[in-house]
Amino acid sequence: MSLHDGRMTSNGDAHLEGMKVQDSSTPTRKPQPPKPENAITIAVSSRVLFNMVLEQQIFEQKGMEEYLKYQIEHETEPFAPGPAFPFIKALEAVNVQLRQLYPDSEELFDVVLMTNHHASVGLRLINSINHHELFIERFCMTGGNSPIGYLKAYHTNLYLSADSKKVMEALEEGIAAAIMFKPEKAAEVSETQLRVAFDGDAVLFSDESERIFKTQGLDKFFEHEKAHENKLLDHGPLKGFLEALGRLQKKFFAKGQRMGCPIRTYLVTARSAASSGTRALKTLRSWGLETDEALFLAGAPKGPMLAKIKPHIFFDDQMFHIEGAAELGTVAAHVPYGVAQKESLKHATFGSPGCCRGTRVFVGSSEESDYPHPCSERHHGYGECDRHHSQPVHRAPTMTMRLCCVHVVRSLGCVYSPVAVVPAHQVSIQPLDGQQNCLPCTPGFYTNLTASPVCQACLPGSYTNESGSVSCQACAPGFYTSRQNATVCHPCPKGTFCNSSNCAQCQMCPAGSEALKTGSRQCSLCRPGMHKTSHQKICQICNSGFYQIHWGQENCDICPEAHYCPSPDVNPILCPSDAFCPEGSTAPGYCMETFLRKAGDTCELAPVTIALIVIGGGLFLLFMVLMVCRRRRDADSELSLSRAPLLRKDRPSCHVYGVACDADPVYAGW
């Protein structure tokens, strides 16, 4: 049982939005979460919202008590984002725009965190949500019990988890659900537009057509689709979620935002457009639904197309499509629904050798008749198949031996002479009924059981790159893989290390140490003159005016007053008596020789400088006095010269009352 696989409807997007617009220095009012009956509720388990691989390993290997102890000791350390994190952030971005267009509407995304954590461990989840500025108000912590029973109470529209068992339980309850897988490499996704991609059969639609393909082949599938072109497909498990997305899209369309809508949906199907695409499109139209884009790949791989779309999440019922998408960086979610997950022999044609799930058949030489003769109703339920043999219960007249069995998951099948049933060997499986051969586990999966119907995925920290593996290899020290069913371990990036095998994630080097190479098993101390905090990847040289003479230090010290530090890796040097060295000095400062001299903490004028200033000032004043006198003399000379021509100018002689005209006036008075 997976400890963290709980389920919860999320009011998170509304919450995320509120946290985003909120500034720590300016308190603002948080948006209220919508009522569950009005919201589109996304229930997400803690293991897919956050990366909890290490914690899950502790739980599985050391038990509950050690797990609880570890969580409490590390409750102030936030979890890193998990595969569902970008999807939840995208929901929040949509909520922001919905609140702007429809302030009073409660038709919003609501994220609920579902977990079977104990409440005492919930503090770390709360701290992580606050750290990442998520607005998730609704939690469901069930203390070790399955949270599936609470899904309907939260009006859940979609449940995302890493636990296949819980997802199957949710689907059986009629709730859209999927198992999330972490991609091999994280691809960048849009921060402003929510992108969701759906497969068609057994996801949006029922598995009716896929059953025809599985049991009768491709040609019969095309014939069936052509004959039923105008008959609508029944709905699949995720039809309701697409309907909810469509309702929100129409709210943006009503505001003239069809082209710039922050929600975009895709149909990505292996169907071919000409031979089987018509029925799918007609079904969507009859439901009043549409996808923004429809890609009919006609059997081509989906991974490369999804890498171009870059959806926040892709839903498919086939694991090989999930794996192909994850390898190219797409966050994929497996919908374990329909014939691809379990197939009953009662739909197969009698006459071909068959076997129960987990077994295979050998066809040997025999002279006996192999005339097809199905088990009679009175023998149904007899000779129940186990993992090692089938019990013969009836001998037919036309056969030497006829074996009837009931599959352990209630699917009925028969095998008959000349067919003998034998268990599947280790490293091979048979997930379907009625098969003649067993299949090797693909790279990234293993089985160490005989008669196994499934392969087990390698846990994070382990891998296998070969087909038919009986076990997974632990990642060597210095290497890690954080995903399940890994086929390769990756070297730890620079600045991180792993000093043990089986690493699911590399650790940041502690403060004062660094790892300069990829694939480091340990960290080396920062050299003198350098430092590194716990958030930095490599050691940094001390800033100018700072020093550090010890190895492995987190901070540098400022050069003290009355000392100077020419290099960050040496002790501070005492300042000379005739120099200045304020705090943070890299070199001593001196007063200008001859003209200045040191006086305490400052420079003052030397006597010779004072004398020169006095003499210079006196000379300057004398010069100014001389210049003023000279200017006055020159002005008088110019005035006398300007008047002289007027006095000497020849004028005709004239007399007025016997007095010459140019004579000085004489006032006689009255």
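Me: What makes up residues 605-629, helix or strand?
Reply: This is a predicted model. In it, residues 605-629 are 92% helix and 4% strand. The end C-alpha atoms of that span lie 34 Å apart. UniProt lists these residues as "transmembrane region", in an unreviewed entry. Such annotations may be inferred rather than shown by experiment.

Me: Where does UniProt place the feature "domain: TNFR-Cys"?
Reply: The unreviewed entry puts it at residues 458-489, 492-523 and 526-556. Residues 458-489 are 0% helix and 19% strand, with end C-alpha atoms 12 Å apart. Residues 492-523 also come out at 0% helix and 19% strand. Their end C-alpha atoms lie 12 Å apart.

Me: Why is asparagine 485 called buried?
Reply: Buried means under 20% relative accessible area. Asparagine 485 has 6%, so it is buried. It sits in the loop between β24 (479-480) and β25 (490-491).

Me: Which phi does lysine 310 have?
Reply: Lysine 310 has a positive phi of about 55 degrees, although it is not a glycine. Its place is the loop between α12 (303-309) and β12 (313-316).

Me: Why is lysine 310 called partly exposed?
Reply: Buried needs under 20%, and exposed needs over 50%. Lysine 310 has a relative accessibility of 38%, so it counts as partly exposed.

Me: Why does lysine 239 count as buried?
Reply: The cut-off for buried is under 20%. Lysine 239 has 17%, so it counts as buried. This lysine lies in helix α10 (residues 239-253). Leaving out residues up to four places away in sequence, lysine 239 touches Val203, Leu204, Trp287 and Leu289.

Me: How do you describe the way α5 and α10 cross?
Reply: Two packed helices are described by the angle between their axes and the distance between the axes. The axes of α5 (residues 85-101) and α10 come within 10 Å and cross at roughly 35 degrees. The crossing is left-handed.

Me: Which residues in α5 and α10 meet?
Reply: From α5 come Phe87, Val94, Gln97, Leu98 and Leu101. They meet Phe241, Leu248 and Phe252 of α10.

Me: What else is phenylalanine 87 in contact with?
Reply: Setting aside neighbours within four places in sequence, its contacts include Ile42, Leu158, Leu160, Leu194, Val196, His312 and Ile313.

Me: Which residues touch the most other members of the largest nonpolar core?
Reply: They are Phe87, Phe109, Leu194, Phe198 and Phe315, in a core of 62 residues.

Me: How do you know that this core lies between domain 1 and domain 2?
Reply: Domain 1 (40-179) and domain 2 (194-340) both give residues to this core, so it lies between them. A second, separate core has 26 residues, including Met114, Ile148, Leu151 and Ala170.

Me: What are the distance and angle between the axes of α8 and α9?
Reply: The axes of α8 (residues 208-216) and α9 (residues 218-227) come within 7 Å and cross at roughly 150 degrees. This crossing is right-handed. The contact is made by Glu208, Ser209, Ile212, Phe213 and Gln216 of α8. Facing them in α9 are Leu218, Lys220, Phe221, His224 and Glu225.

Me: Which residues of α3 are buried?
Reply: In α3 (residues 53-62), Val53, Glu55, Gln56, Gln57, Ile58 and Phe59 are buried. The buried residues of α3 pack against α2 (46-49), β3 (50-51), α4 (64-73) and α6 (122-131). Just after α3, glycine 63 takes a positive phi of about 95 degrees.

Me: Why is methionine 64 called partly exposed?
Reply: Methionine 64 has a relative accessible area of 25%, so it is partly exposed. It is found in helix α4. Its C-alpha atom is separated by 9.5 Å from that of glycine 144, 80 residues apart along the chain.

Me: How many helices and strands does the protein chain have?
Reply: It has 14 helices and 41 strands. Buried residues make up 43% of its 670 residues.

Methods: Residues numbered from 1 in each chain as written. Predicted model: local features only at pLDDT ≥ 70, side-chain atom pairs only at ≥ 80, totals over all residues. Heavy atoms only, no water. Helix = DSSP H or I, 4+ residues; strand = E, 2+ residues; numbered from the N terminus. Buried < 20%, exposed > 50% of the residue type's maximum accessible area, 1.4 Å probe, protein only. Contact = heavy atoms within 4.5 Å. Core = buried A, V, L, I, M, F, W, Y, C linked by side-chain atoms within 4.5 Å. Domains from an automatic or database assignment. Axes fitted to C-alpha atoms, helices over the stretch in contact; angles between N-to-C directions. Left-handed = near helix turned anticlockwise from the far one by under 90°.
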